[in-house]
Amino acid sequence: MIKFIHTGDLHLGSVFENASFPADVAKLRREELFKTFNSIVKAAVSLKDNFLLICGDLFEEKFCTAHDIKRVFDTLASLTDIEVLIIAGNHDLYSSTYRHYANKYPNIHIFRHEKIEKKSFEKFNADIYAISWDKAAYYAEPDFSNIKLDENKINILMLHADCAPNSTYMPINIKAISDIGFDYIALGHIHKPRQVTGRAYYCGSAEPLDFKETGEHGIYHIEADKDAFKIDFVKLASRNFVVSKVNITPDMGYLDILRALTANISHESLNNDMHRLAISGMVNSAINLDEIIAQAKPSFFYMEYSNDTIPDFDVDYIKQQNENNIIGKFIEKMQQYDMTDEKYRRALYKGLALLLSEGDK
Ligand SMILES: [Mn+2]
């Protein structure tokens, strides 16, 4: 029986330069990536694992200092009872990030990039196959034609690759690769953890990086021998990214809206997670939604929002009051369209919001 962790896509060093969140949060998140890396190392020790598999994009090499990389390798090297296996991904190429660290520590095994390499661990009766990245794009699957598995051993494959056929990120035919007979296929690159097929899994990013990476994040923990296989997903991320839909209706008053903004979010999640509110619907035209959102904001660890609401106007009253000016004429013109159609109604209300606010100036 062997026990191992499957992780990858840590993107250590990221500075989140294109993120929606501000610099102070980005700085904190950068440090939290290292914190999660440390949690993985601690988990490997407490679970008494034999292997730690890191399937590419451990680093965001563009933003990693030499210190950052040294810090990580020193930590991994301290795991003297655990064999650490690493492949380079598209964000941390072999030559630029890893070459210097190849063969430097007895327990850290970094795969090369020319072809699929096999590393045998007799003590555990296991063969581990893998290949690193060393250029920005791969248009084809690595060559498996010379791979002959020893069926008496536990055979594991590590790849940083894309299961989509026309990808430039090493497209692979995962069904065909599975048929070779690996006992486990540890994949990196796609940031959402999931089973692809049979024994092939994407570990996902251990710590989610942005609002595209909602849901739970962590590592896979596997126990396997030739007859038995057990896989568990272990949540390890410091924070989740959560996108919540909030629908506003015209009958909702100030307090109703204030409550609605946090209604479906647990206290713990408010205090800890990265939140985005997607606010839509129709708001009483006397209500200033931005002000209510500003009041709700301190309840969140972090919150950003999109406001897709339209104000709810008493159109007939406004038309009557503006019979001979551009506002009245605009309403008249718009009402020639089918107002039961959401698209035209939105256009009318948006236009009215603009015209009426012009009048305020
Ligand atoms: Mn990645």
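Two strands are counted as paired if DSSP finds at least two bridges between them, and helices (H or I, at least four residues) and strands (E, at least two) are DSSP runs numbered from the N terminus. The model shown is predicted, so local features need pLDDT of at least 70 and side-chain atom pairs count only at pLDDT 80 or more, whereas totals for chains, interfaces and linings use all residues. Residues are numbered from 1 along each chain as its sequence is written.

View 1. Methionine 158 stands opposite alanine 186 in strand 8. Strand 7 (residues 154-160) and strand 8 (residues 184-188) pair in the parallel sense, over five bridges. These strands belong to an open sheet of six strands with mixed pairing, in the order 5-6-7-8-10-9, whose edge strands, each pairing on one side only, are strand 5 (117-121) and strand 9 (194-197). Neighbouring strands of this sheet are turned by 25° against each other on average, direction ignored, where axes are lines fitted to C-alpha atoms (for helices over the stretch in contact) and angles run from 0 to 180 degrees between N-to-C directions.

**View 2. The hairpin of strand 5 and strand 6.** Strand 5 and strand 6 (residues 126-130) run antiparallel and are joined by five bridges, and the bridge partner of serine 120 in strand 6 is aspartate 127. Four residues lie between the strands of this hairpin, in which asparagine 125 takes a positive phi near 55°.

**View 3. Surroundings of alanine 186 in the largest nonpolar core.** A nonpolar core is a set of buried Ala, Val, Leu, Ile, Met, Phe, Trp, Tyr and Cys residues joined through C-beta atoms within 7 Å; a residue is buried if 20 or more other C-beta atoms lie within 10 Å of its own, exposed if 12 or fewer, and partly exposed in between, with C-beta atoms placed from the backbone. The largest core has 64 residues, of which Leu53, Ala130, Met158 and Ala186 touch the most other members. Leaving aside residues up to four places away in sequence, alanine 186 touches His6, Leu53, Cys55, Ile156, Leu157, Met158, Tyr201 and Cys203, contact being defined by C-beta atoms, placed from the backbone, that lie within 7 Å. A second, separate core of nine residues includes Ile248, Leu277, Ile279 and Phe300.

View 4. An open sheet of six strands with mixed pairing has the order 4-3-2-1-11-12, and the twist averages 20° from one strand to the next. Strand 1 (residues 2-7) pairs with strand 11 (residues 218-224) in the antiparallel sense over five bridges, and histidine 6 stands opposite tyrosine 220 in strand 11. Helix 1 (residues 23-46) lies across strand 1, strand 2 (51-55), strand 11 and strand 12, and runs at about 170° to strand 1.

**View 5. Two loop residues with positive phi.** Asparagine 103, in the loop between helix 3 (94-98) and strand 4 (108-110), has a positive phi of about 60° although it is not a glycine. Methionine 170, in the loop between strand 7 and helix 4 (174-179), likewise has a positive phi of about 60° without being a glycine. Asparagine 103 is exposed, with 8 other C-beta atoms within 10 Å, whereas methionine 170 is buried, with 22 other C-beta atoms within 10 Å.

Note on methods:
Two residues are in contact if their C-beta atoms, placed from the backbone, lie within 7 Å.
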